[in-house]
Each structure stands twice: as structure tokens, then as C-alpha cells.
Amino acid sequence: MFNAINQQIRRDQRSVIKRAGNKILPCLLLCCGGFERLVSGHSISLLILQQYLNMHTLSEKVKKTSFFEGHNNPLIISGPCSAESETQLMQTALQLQALQKVDIFRAGIWKPRTRPNEFEGVGTIGLQWMQKVKQETGFKLVVEVAKPEHVEEALHYGIDALWIGARTVVNPFSVQELAASLKGVDIPIFVKNPLTPDLKLWIGAIERFQLAGINQLAAIHRGFHYFANSPYRNAPMWEIPIELKRLFPDLPLITDISHISGKRSLLQEIAQKALDLETDGLMIESHFDPDSAKTDAAQQITPFELGKMLDSLEIHNPAKSENFALPLEKLRTEIDKLDGELLLILAKRMEIIDEIGAYKKANKHTILQHKRSQHIIEDRLAIGSNLGLDQNFLNQLIEIVHDASMKRQNIIFNKP
Ligand code: PEP
Ligand code: MN
């Protein structure tokens with residue numbers, strides 16, 4: 001049995017087993033349930049073993065790359081959401097260069113848009129403008145690639161690093177195609193998180209590049225699509241990048257504060273939070289005239305504003321050491337999520353209350369029906385008490401919700 005399993009373990013994974021020695025099996029036994037096979041007297045699932053090995057192989061291979069050495073700490077990536085014209089790129093780049101705080105110049109050449117007929121990027125000509133920016137400013141360049149043809153063109157025009165966008169990372173077929181197109185190429189790849197809060201999918205994408213031989217890898221946290229209303233364009237859900245960092249401490253993590261924030265007023269707060277959590281880099285969209293930007297105008301800032309913001313950030317805050325910030329942040333994020341769900345449920349409840357109101361009106365029922373109200377109060381009190389909630393709190397909560405519901409029905413009744 002052991003031989004059968006052994007054959008399915010890659011050479012690079014074997015070295016992980018060797019190094020892990022006796023630690024690996026007890027560790028697997030601790031983490032996993034549903035064991036199916038026997039290995040050296042322990043039952044474990046082959047699938048789980050493969051997952052464990054993949055994680056640890058990645059973890060051992062991904063090292064802080066030279067790309068992060070000799071740069072600002074944190075690494076600062078900035079430039080417009082999209083390349084729009086040579087003037088826009090050059091003006092923005094020159095103003096960024098004057099700050100002397102930016103390491104890498106970014107611009108989107110091919111833009112993945114939600115609807116057809118929106119501005120989809122300037123394409124290849126933008127790469128020629130990027131080349132000129134490099135010649136003028138000396139900036140290293142990074143662009144987004146979503147297809148093997150993009151990779152080919154970007155490499156042809158001497159782009160120094162590539163990022164994989166959130167819409168691409170959700171699709172393992174696309175990621176695999178990109179990884180295959182990069183086989184044998186030594187270029188840093190920055191993998192954004194997928195749109196959905198799915199850590200495994202994010203790790204999977206990183207692994208695909210690692211397995212294709214890319215060693216200069218970094219992750220970009222750009223927030224997640226979230227169903228409830230939130231002040232952010234993409235909910236940061238900090239616990240996810242924190243968990244990624246816990247699993248892969250050597251994988252550099254960059255925070256894309258622009259796509260998390262969605263608006264200028266939130267950038268500083270998000271940047272500071274990212275720094276408190278010891279991010280390795282910040283990605284910030286900038287434009288010499290943000291209001292005229294063809295994409296993401298609301299979140300782009302001028303290079304001058306970027307300079308001011310970077311100056312205002314506290315790079316190291318010993319009070320927020322890892323031990324303090326990480327667990328607290330995890331718990332707070334959980335609370336944010338639960339509150340969002342709570343409000344969503346309340347909003348749904350109110351919609352149904354409106355429907356009941358309309359029905360009562362049409363059928364000439366009264367709004368308040370005492371028997372029903374009494375039942376609701378007793379039933380919810382019993383459920384809440386069983387869940388360990390305080391009686392007083394429950395009474396107040398039920399009353400508030402009930403009153404608000406009656407008020408909504410009154411409005412419906414009083415409509416002509
Ligand atoms: C971008 O960086 O401009 C972009 C499109 O990002 P994301 O893939 O995170 O939406
Ligand atoms: Mn953008």
C-alpha cells in the first residue's frame with residue numbers, strides 16, 4: 001500500500017517528507033478526518049496527503065525574491081488603472097518618479113470589463129508607451145495578463161513582472177493556460193485573490209504557477225465580492241490574507257488598497273491597516289488627472305496625493321505586534337460578516353412584512369392581530385433563551401422589530 005502511495009508523490013514532495021520526518025503522519029492524523037488508507041501503520045487519505053504535501057512544497061519553495069530586495073519596505077506599486085494615452089502614462093509616471101517613493105509602475109493594458117462596449121484597454125500600443133516610460137523614468141513595469149497572448153506580448157515589450165487579475169484567478173482553466181505559457185520564463189508573477197472569498201482557489205492558482213517553475217511569486221490581496229452592503233468596493237476579509245500568510249510566511253503579500261476601497265476617502269485607512277498587519281507591499285492606482293480616468297476614476301489619486309498619503313502612514317507600530325493584531329482582526333472581521341448577514345436577514349424580513357401588509361389591506365384585515373403578536377413574542381423568547389440570550393435584551397429586540405414592522409404596514413395601509 002505504501003508503495004502505491006509513494007508512486008504518486010512527486011520528487012520535490014519527497015524531500016518535504018524527508019525533512020518533516022516523523023512529524024508528518026501525526027500531524028496529518030491531527031488535522032484530518034475520514035481516513036481511507038494505511039501508511040506505515042497510520043490510516044490517512046491519499047488526497048489529504050497530497051494536499052498537505054502541495055502546501056508544504058509551495059511553502060518551502062516560495063522565498064522572498066530578489067524582486068523585493070533593494071526596494072522600499074513595503075514595496076510600492078503605483079500607476080493608472082488603465083493605460084489610456086501616451087501622455088497620460090508619461091505624465092503620471094514622471095510625477096510618480098518625482099516622489100521617489102514608488103518602486104514599480106503599473107497600468108492595465110487589456111481591461112476585463114463587466115459589460116461589453118465599455119473601455120476594454122488600449123492593447124498592444126500601451127506596451128510601447130510603457131517601454132517609453134521605462135526608458136524615461138527607469139521604473140520597473142507590471143501589467144495584467146489574462147491570456148497566453150498577453151504574456152507573449154508583455155514579454156516581447158520587456159515588461160518586468162505580470163499580475164493575474166481577480167476575474168482570471170477564479171478560473172483554473174485560464175490560470176493553467178497562463179502557467180503553461182510561462183514555463184521556462186523567469187519573471188515575477190503576482191497573483192491577485194479571486195473575486196470570491198475562497199482561499200483554496202487563491203492558493204491553487206499560486207501553486208499552478210509554482211508547478212510551472214515560477215519561483216518569483218507574490219500574492220495580491222484586493223478584497224472580495226460580498227453580498228451585503230459594505231463601505232468597501234471589495235470587502236477586505238482580512239482573515240483570508242492573514243491565513244495565507246500563516247500558511248506561507250515567505251510568500252510576499254501585497255495589498256491592493258485601491259480595489260478594496262473603491263473610493264479615495266478610504267485609501268489611507270486601508271493602507272494603514274495593511275501596514276499594521278505587516279504587508280510586504282502596497283498597490284495604489286494613480287492618475288495625473290483622476291477625474292478624467294476611463295476606468296476606476298473614483299478610487300484613483302494624483303501622484304501628489306499619493307505622496308501625502310504615504311508620508312502619513314506609520315510603517316511600524318510596535319503596539320500592534322502580530323500577537324495582538326492578527327487574532328483581534330480575525331474576530332472583528334467575523335463580527336463584520338455576521339452583522340452584514342443580520343442586516344440582510346432583517347431587510348428580507350421587512351420585504352415579507354410589506355407583502356403581508358399589502359395582503360391584509362386587500363383583504364380588509366386589521367394590521368395588529370393580537371393572537372399572532374403574542375405567539376411571535378413567546379416563540380422568539382423561547383428560541384432566544386435556549387440560545388443563551390439575555391431575556392431583557394430579547395424583549396427589547398422583539399419589541400423593536402415588531403414595532404418597525406407595524407410601522408411599515410401602517411405606511412402601506414395609509415397609501416391611497
Ligand atoms: C486592476 O488592478 O486594475 C484590476 C482590474 O484589478 P482586479 O483584477 O483586482 O479587479
Ligand atoms: Mn482598476
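These notebook entries set down what I looked up in a predicted model of one chain with a ligand.

**Entry 1: conventions**

I noted that residues are numbered from 1 along each chain as its sequence is written, while chains are lettered from A and ligands numbered from 1 in the order in which they are written. Since the model is predicted, I kept in view that local features need pLDDT of at least 70 and that side-chain atom pairs count only at pLDDT 80 or more, whereas totals for chains, interfaces and linings use all residues.

**Entry 2: the chain as a whole**

I looked up the secondary structure and found 17 helices and ten strands. Helices (H or I, at least four residues) and strands (E, at least two) are DSSP runs, numbered from the N terminus. The chain has 416 residues, of which 33% are buried. A residue is buried if 20 or more other C-beta atoms lie within 10 Å of its own, exposed if 12 or fewer, and partly exposed in between, with C-beta atoms placed from the backbone. I then turned to contacts (two residues whose C-beta atoms, placed from the backbone, lie within 7 Å). Of the contacts with a separation of 6 or more, 71% join residues 24 or more positions apart.

**Entry 3: the barrel**

I traced a closed barrel of eight strands in the order β3-β4-β5-β6-β7-β8-β9-β10, paired in parallel. From one strand to the next, the twist averages 25°. Helix α5 (residues 86–99) packs on the sheet, where it touches β3 (75–79) and β4 (104–106), and its direction makes about 150° with that of β3. Such angles run from 0 to 180 degrees between N-to-C directions, and the axes are lines fitted to C-alpha atoms, for helices over the stretch in contact.

I next checked single pairs; two strands pair if DSSP finds at least two bridges between them. Strands of a sheet pair through backbone hydrogen bonds, either parallel or antiparallel. β4 and β5 are parallel and share three bridges, and F105 has L141 in β5 as its bridge partner. Strand β5 (residues 140–144) has four of its five residues buried.

**Entry 4: strand β7 and its surroundings**

Strand β6 (residues 161–164) runs parallel to strand β7 (residues 189–192), with three bridges between them. Here I164 stands opposite V191. To strand β8 (residues 217–221), β7 is joined by four bridges, also in the parallel sense, and K192 stands opposite I220.

Which way do the residues of β7 point? I189 and V191 point one way and F190 and K192 the other, and all are buried.

I also looked up the largest nonpolar core, which has 74 residues. Such a core is a set of buried Ala, Val, Leu, Ile, Met, Phe, Trp, Tyr and Cys residues joined through C-beta atoms within 7 Å. Those with the most contacts inside this core are M130, V142, V143, L162 and V191. Helix α10 (residues 199–211) gives the most to the core, with five residues. Leaving out residues up to four places away in sequence, V191 touches I164, V169, A205, I206, F209, L217, A219 and I220.

Q210 lies in helix α10. Q210 counts as buried because 22 other C-beta atoms lie within 10 Å. From C-alpha to C-alpha, Q210 is 9.6 Å from I189, and the two are 21 residues apart in sequence.

**Entry 5: the ligand**

Which residues are around ligand 1? I listed C81, G108, G165, A166, R167, K192, R222, D256 and H259; a residue counts as near if its C-beta atom, placed from the backbone, lies within 6 Å. This shell has two nonpolar, three polar and four charged residues. In this sorting, Ala, Val, Leu, Ile, Met, Phe, Trp, Tyr, Cys and Pro count as nonpolar, Asp, Glu, Lys and Arg as charged, and the others, Gly among them, as polar.

**Entry 6: positive phi**

Most residues other than glycine have a negative phi. I recorded N117, with phi near 70°, in the loop between β4 and α6 (124–137). N117 counts as exposed because it has 6 C-beta neighbours inside 10 Å. D296 has a positive phi of about 50° and is found in the loop between β10 (281–285) and α14 (303–312). D296 is partly exposed, with 19 other C-beta atoms within 10 Å.
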